[in-house]
Amino acid sequence: MDSIGPVGLWQKEGAPGCPQEGLPCSPDSSELIQASLLRSMEQALMGQASPAPAVRMLPTYVGSTPHGTEQGDFVVLELGATGASLRVLWVTLTGTEGHRIEPRSQEFLIPQEVMLGPGQQLFDFAARCLSEFLDAHPVDRQGLQLGFNFSFPCHQTGLDKSTLISWTKGFRCSGVEGQDVVQLLRDAIERQGACSIDVVAVVNDTVGTMMGCELGTAPCEVGLVVDTGTNACYMEEARHVAVLDEDRGRVCVSIEWGSFGDDGALGSVLTTFDRILDQESLNPGAQRFEKMIGGLYLGELVRQVLAHLAQHGVLFGGCTSRALLSRGGILLEHVAEMEDASAGTARVHTILRDLGLNPGASDAELVQHVCAAVCTRAAQLCAAALAAVLTRLQHSREQQTLQIAVATGGRVFEQHPRFLSVLQETVTLLAPECDVSFIPSVDGGGRGVAMVTAVAARLAAHRRLLEETLAPFRLNREQLAVVQAQMREAMVKGLQGEASSLRMLPTYVRATPDGSERGHFLALDLGGTNFRVLLVHVATEGVQITNQVYSIPECVARGSGQQLFDHIVDCIVDFQQKQGLSGQSLPLGFTFSFPCRQLGLDQGILLNWTKGFNASDCEGQDVVRLLREALKRRQAMELNVVAIVNDTVGTMMSCGYEDPRCEVGLIVGTGTNACYMEELRNVAGVAGDLGHMCINMEWGAFGDDGSLDTLSTCFDASVDQASINPGKQRFEKMISGMYLGEIVRHILLHLTSLGVLFRGQQTQSLQTRDIFKTKFLSEIESDSLALRQVRAILEDLGLPLTSDDTLMVLEVCQAVSQRAAQLCGAGVAAVVEKIRENRGLEELTVSVGVDGTLYKLHPHFSRLVAATVQELAPRCAVTFLQSEDGSGKGAALVTAVACRLANQTRV
Ligand code: G6P
Ligand code: BGC
Ligand code: BGC
């Protein structure tokens, strides 16, 4: 008997009607298949497009195997795992290891016409089964959450978003391929209207099988299903999955090995019977590997072979039957039973007779050999594929040996007596250095799907909390138009000297440069990130600038005014010495970026400090006098302080030197502010009606009258309360660099307290003020930064985060910076519309000179400002000019204009 065992049968020469080809697999061809599948898997992981690898390697958004803490009640809908039946389960996860509550389930047969009909019909059928199940099982219907076990190849873009690539296994509904199957199910449940269920996760059956695997000694990191179809998934290192922008952790990948060989790689082992079966299938040319292994096909293969042998007189005396000649006449159950040695030949005879055959004495044994050959090959092919996965795991983890558990599921495992043992034997042959334990899934992966659903539900809940938290930051056009209108109203009131949060301070700059300015000037630039002393040479061929950056220590910025101005003079002296200017008395322009009521070009009364400055005895003082007194105290030299300008004015003048249409200055840096050229007739308190006057709006204080309270969030309030000037500079505190990082930090603290971030762990670092620098927003939101780099920035802050956390932090940053840019855009829109209406123009073309670290370094800020201005002031063509030389040059130009005008009046 052994000599003519299964292998012998097919390869015995001259045996009538027996083709000489490949059932079951020789060790060589198994290794070939193992190697070829491994190659195809690695090509797909690297994202190779052409030739397209035969297996798809689809990321499933499942980033970790279960840690048993998941808990709750979940509905699971299984479609496709077991062929023409659909199953609904009620799964209760206790969250306690080893404590299991048996799921309640109900199976529904899917009519053929539903499996081949319009997609809507299939999903309506599923929704009806759901409500029938819920009607039949007294369950709490509040907040039902459903996990959709959809066992077909899908591109997943989230735990609850999955697009069907192609049907397999006897399904071929129209209007579904290319669609998001979760949405189709949600629509059907809605149409059914019987129950409100939230579909929170879609899961492939292999993933459900792996996730449902009981915690054993070896980590269960492979899910293997052989039911009507076949497939496997495993935990791959995320950095190896090209489509994922991730370099840490692992992700579960559904291999979709059913399509292995669709590129012809299985040519050498395919038999005539495989080719006929494929030709007659619903999807010829596709799922070739599955058609050699899947339970939907094993019966058909056996039928083909038996029919062939019968027609060649080798079996049943050459007689056939309708069942033997008709597709689907022999099912998996038949094969499993007939091959089951314990069933004995008697049972085989019964089955063959039920198939309308009249088996002879030796027929039963021969039929059993055929069944064994078909199933052994299937198990060996499956083993070769699994061995490829194990080898991939060794590669991916750079491990010589591997101890791993494989969760198995599917009726071929459950019903077929020898499938698992042949699989184990062959895997041991093909992957000897892998210690593999096989864990049969207890409920077809229902629990596993519930676990993924629990994770998805948690993430969905987190997402809802994140959206609720960020919603106040998402400003719509109406809200921005209100800000624009309020800003406009406050501008008019401020210009007329009425109570307004906008001081609209005249700057005594009446004209932008006309290019005739000449000379050497000193300039100071105080109030931004850096304090700079500049030597500016304005000549025919242009402006040359030499400058030196000096720091203003916090203790000086918050010390005494005398100390601050003495420090400024020390820097000037140091600069003059370095530039060989000692003893020279150059005209000086002082960019002083704080709210000053100017009484003239060289006289500015500091109204109040902002941006973290708080030097004593300065507010209410003329800062030019304070500077001159400091110079006198130093007795070093006589400096001619000609002008004090705000950095917005300096920036406008600096850009105006290149573009005469530049009539607005905008700063979005440590602080924020804007100035623009207003009609003198509109400026109360300054004599004259003709000409223009540059107005320093001090828009940082906009909203200090409460007009922004409707937009202000609790996070803004926390930042304001913690600032050294609570209640002040409200607009600035929603926009500028000194505060955005702190707003983000407070939001992160809030989300952590809700358990949404960092697993709810409040870290010391996150509670540290100013630890989340605004520059991090610019880095984190940069398009060129991969998620992993974002993660690195956050980990350097000592934040223990997952990839989901990283994504959420990115969204928080985006929401905060977007609101800032939109509010800034609404402000600019108010200014340019004022200028347009001042001049009674239909259309206004104007340029805005801009400076400030946030505006210049943030990857999206400038674009969002411009877009908001475009939307709110469509009749103004606004060009934003980034100032290259800062406002120091502008201060020098203001000084140069003043000197030119002074010279003209002298002559
Ligand atoms: C430039 C200007 C300064 C201005 C600063 C604002 O450096 O020269 O006058 O104050 O920008 O930006 P920052 O980000 O430094 O606060
Ligand atoms: C599908 C897979 C599924 C497998 C087992 C195949 O036909 O493409 O998604 O996992 O069957 O059910
Ligand atoms: C100051 C303004 C300055 C702006 C930008 C604000 O805090 O009040 O004077 O223009 O910051 O630096």
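I looked up the confidence first: the protein averages a pLDDT (the predictor's confidence in each residue, from 0 to 100) of 90, and 95% of the residues score at least 70. Residues 1-21 have a pLDDT below 50, and this stretch makes 33 contacts (heavy atoms within 4.5 Å) beyond near neighbours in sequence.

I note the conventions: this is a predicted model, in which local features need pLDDT of at least 70 and side-chain atom pairs count only at pLDDT 80 or more, while totals for chains, interfaces and linings use all residues. Residues are numbered from 1 along each chain as its sequence is written, chains are lettered from A and ligands numbered from 1 in the order in which they are written, and side-chain values use heavy atoms, with hydrogens and water left out.

I then examined ligand 1. It is surrounded by 15 residues (a heavy atom within 4 Å), the closest being Asp 525, Thr 529, Thr 670, Thr 853 and Ser 887. For polar contacts (pairs of N or O atoms within 3.5 Å), I found an oxygen atom of ligand 1 at 2.5 Å from the side chain of Asp 525, and one at 2.5 Å from that of Thr 670. The protein covers 90% of the 380 Å² of accessible area (Shrake-Rupley method, 1.4 Å probe) that ligand 1 has on its own.

With β3 (residues 85-94) it pairs (at least two DSSP bridges) in the antiparallel sense over nine bridges, and Phe 74 has Val 91 as its bridge partner in β3. With β5 (residues 144-150), β2 pairs in the parallel sense over five bridges; there Glu 78 stands opposite Asn 149.

How values were computed:
A polar contact is a pair of N or O atoms within 3.5 Å; within protein, one must be able to donate a hydrogen and the other to accept it, and residues adjacent in sequence count only if both atoms are side-chain atoms. Helices (H or I, at least four residues) and strands (E, at least two) are DSSP runs, numbered from the N terminus.
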